[in-house]
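Hi everyone, thanks for coming along. Let me put the structure up, and then I'll walk you through a few spots in it.

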Amino acid sequence: MPIIEPLEPSASWNQFTATADDWDAADPALLASMTVQMHLIRAFEEQVLDLAGQKLINGPAHSSIGQEGGAVGSAIPLTVEDQINGSHRGHHQFLAKALHAVQPDGFSIGDDWTPEVVTVLRRTLSEIAGLSEGYCRGRGGSMHLQWKEVGAMGTNAIVGGAVPFATGFAMAHKLAKTDAVAVTYFGDGASNIGSTLEALNIAAAWKLPIVFFIENNQYAVSTTVHESTADPRLSVRGLGFGIPSWRVDGQDALAVKLLMDEVLAHVRSGEGPAVVEADTYRFFHQNGPFPGSAFGYRSKEEEAGWRARDPLQLAEAHLERLDIATREQLDALRKQCKAVMQQLSDTITEPDPAGRPGQLRIRPELWPSASFIDVGIRGEWPDAGDRVRTEADFTDDELVKQRFVDTIAAVMHRRMETDDSVIVLGEDVHKLNGGSRGATKGLPQDFPGRVLGTPIAEAGFTGLGGGVALDGRFYPVVELMYADFIWVAADQIFNQIGRARHMFGGDHDMAMLMRLKIGTTTGYGSQHSMDPAGILSNSVGWRIIAPSTPLDYVGLLNAAMLTRDPVAVLEHDADLYKLEGLAPTDLDFVLPFGKAAVRREGAEVTLISYLSMVQRCLDAVEQSGVDGEVIDLRWLDRASLDWQTIEASVKKTNRVVIVEQGAQGTSYGGWLAGEISRRLFDWLDAPVLRVQGGEAAPSISKALETAANANTDDIVAALARERLHAEEDP
């Protein structure tokens with residue numbers, strides 16, 4: 001007979017409940033302060049819903065009415081050095097963090113509002129209304145609230161999208177050896193998201209100082225938590241990763257505060273992450289000023305039951321019972337909070353001269369200027385001073401023959417040697433004598449604790465890198481083992497990292513490097529052979545470098561790491577890693593920013609390419625006898641592309657062939673051909689010709705792989721067609 005023995009989880013899981021005795025023992029000033037803050041947040045949210053009801057909020061207004069207790073209770077124990085982020089429903093958490101930051105000694109019932117408190121309320125309301133005085137200059141609205149200076153690192157419109165970033169904040173705290181923590185707020189919907197689970201696992205494996213705070217408000221839009229998961233006690237997620245977890249009544253602000261005191265002591269002591277689940281309820285629909293019952297997915301009886309447990313009323317009852325405040329004082333507090341919000345609303349609205357009587361509009365002078373639309377997508381080029389050199393500046397004794405992949409390891413070693421803020425993370429980067437191909441050789445031994453081998457969790461560790469970048473104290477270098485894995489980490493790469501600077505106002509840096517290995521011609525087939533240049537170049541916020549020689553790798557990497565932007569570096573595996581070329585002994589030099597290289601001058605046709613296809617273009621020109629000019633782009637993103645070099649060449653040759661190796665569907669040359677035609681139409685004697693791979697991704701079969709990718713013969717054939725067309729022209 002089989003033996004069955006029960007197993008115990010490695011972490012504890014507890015229900016935490018505050019009693020009347022806890023309220024009796026609490027500092028009256030604390031209870032009063034929590035009540036004032038909850039009232040301020042409630043009045044703020046009611047004013048937002050009022051504006052939304054008048055259609056004065058562009059986009060959603062995700063109110064947190066009913067959920068104030070968990071936000072205030074969890075924020076009061078935090079310091080300014082502690083960092084939080086959250087989801088689309090994050091007004092209450094943002095305000096709780098900001099109000100506590102500007103008035104850390106608390107709030108007293110009946111006191112006047114300080115200018116700092118009024119400023120927080122005004123700038124937050126302005127942001128939600130999309131106005132230039134908002135914390136993100138109007139770009140964030142209801143769903144993207146950020147004030148980095150007080151540790152409010154940004155709320156997020158993608159469900160679960162912010163959670164991996166918070167592990168990055170926690171990693172920065174750990175590397176900086178502080179006792180600060182990260183708190184990431186998310187709901188029942190995000191508890192089932194893969195990136196959230198990846199973040200839980202990484203945080204547990206690395207003992208990161210982070211609290212995963214689940215606001216279980218029972219609904220993801222209209223879908224109940226009972227419908228979406230087998231166990232609606234969402235804190236059970238923590239047990240699967242060995243994380244101590246707690247459940248608490250989210251309507252009881254004191255219970256949440258007392259629990260957070262205990263949880264933060266655990267996390268600050270270096271014991272790793274914790275999970276807190278606060279049972280709570282949003283009184284209104286997902287978006288706007290109507291209850292869920294108006295849409296038929298909740299009953300009025302259910303809503304009434306939760307309203308009877310309103311966190312404000314629960315707190316007020318204790319304050320009255322303990323003679324901390326009278327009913328009259330509490331009613332006056334409510335009116336005081338409503339009044340300040342009405343006054344602030346009046347400062348951003350005015351009667352609409354074109355509307356019906358009583359209709360309001362946003363004051364036109366408060367809108368951001370239309371000229372602000374593209375400001376802050378990326379930073380300006382830095383000043384590299386005397387580090388800038390070109391290939392022509394190197395003498396023979398400054399160059400050594402070296403394999404491409406060894407150059408990668410050498411320059412990364414130099415960057416980590418000269419900058420303690422650089423960290424490297426990715427799958428197997430800490431083992432196998434330099435990872436899967438040797439690109440991190442020597443780094444784990446020489447920089448212990450700064451080369452982090454990750455779980456197979458691309459969304460999780462890429463997002464962690466993004467959080468480290470947003471924090472700003474460390475420079476993350478994230479390696480994706482194959483470029484195809486950008487699809488696995490797509491939300492973090494495109495929605496989060498690439499857009500973070502711009503959507504939060506354009507002022508803060510997002511400095512990080514993402515190394516992408518292109519597996520074309522390695523025999524790894526359809527899911528490991530993608531060239532991501534076309535995908536990345538059509539996404540906001542990323543700079544892209546494509547080094548085709550060891551010398552270029554050093555100069556481009558150093559340039560990339562001087563920018564304060566996210567930069568993707570593309571690396572050809574089989575086609576470049578093993579090749580020997582001339583590498584510089586000067587591992588600090590910087591190639592000119594945004595500058596292409598003319599690898600061969602010619603007069604008949606301009607060939608534009610990058611990475612391993614540059615050499616194939618040179619070979620094809622020699623084989624065909626066509627006098628082609630070969631341009632190695634080096635910088636591929638739209639903002640960095642060297643149009644000066646391209647234009648000069650096209651005006652000379654009047655014909656263009658764009659050459660790339662990969663498949664048509666993810667082509668880089670598609671948009672480039674259109675842009676060349678738009679900019680340089682008057683100088684073109686023929687349509688732009690493109691050489692690229694086929695429609696299908698490469699297969700495992702050597703024959704099919706060869707057929708799927710563009711090669712030298714394809715370029716020769718294209719040059720022959722160009723020459724024929726030129727001869728046929730009158």
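Let me begin with a definition: rings of Phe, Tyr and Trp (for Trp, its six-membered ring) pair if their centres lie within 6.5 Å, with planes under 30 degrees apart counted as stacked, over 60 as edge-to-face and the rest as tilted. A quick word on the source: this is a predicted model, where local features need pLDDT of at least 70 and side-chain atom pairs count only at pLDDT 80 or more, while totals for chains, interfaces and linings use all residues. Residues are numbered from 1 along each chain as its sequence is written, and side-chain values use heavy atoms, with hydrogens and water left out.

So, to the rings. By that rule we get 15 aromatic pairs. Which residues do ring pairs link into a cluster? They are Tyr219, Tyr281, Tyr297 and Trp306.

Charges sit over rings too; that means NZ of Lys or CZ of Arg within 6 Å of the ring centre and within 35 degrees of the ring normal. Arg139 lies over the face of Phe372, 3.8 Å from the ring centre. Arg307 has its charged end over the ring of Phe284, at 5.6 Å from the centre.

Next, the interior. A nonpolar core here is a set of buried Ala, Val, Leu, Ile, Met, Phe, Trp, Tyr and Cys residues joined through side-chain atoms within 4.5 Å. Buried means under 20% relative accessible area, exposed over 50%, and partly exposed in between, using a 1.4 Å probe and protein chains only. The largest nonpolar core has 122 residues, and Leu672 and Ile676 touch the most other members. Apart from it lies another core, of 55 residues, including Leu30 and Ala253.

Is Thr167 buried or exposed? Thr167, in helix H6 (residues 163-176), is buried, because its relative accessible area is 0%. Helices, by the way, are DSSP runs of H or I with at least four residues, strands are E runs of at least two, and both are numbered from the N terminus. Leaving out residues up to four places away in sequence, Thr167 touches Ala199, Ala203, Leu208, Ile210, Phe212 and Leu464, where contact means heavy atoms within 4.5 Å.

Gly358, on the other hand, lies in the loop between strand E10 (349-351) and strand E11 (360-362). Gly358 counts as exposed because its relative accessibility is 70%.
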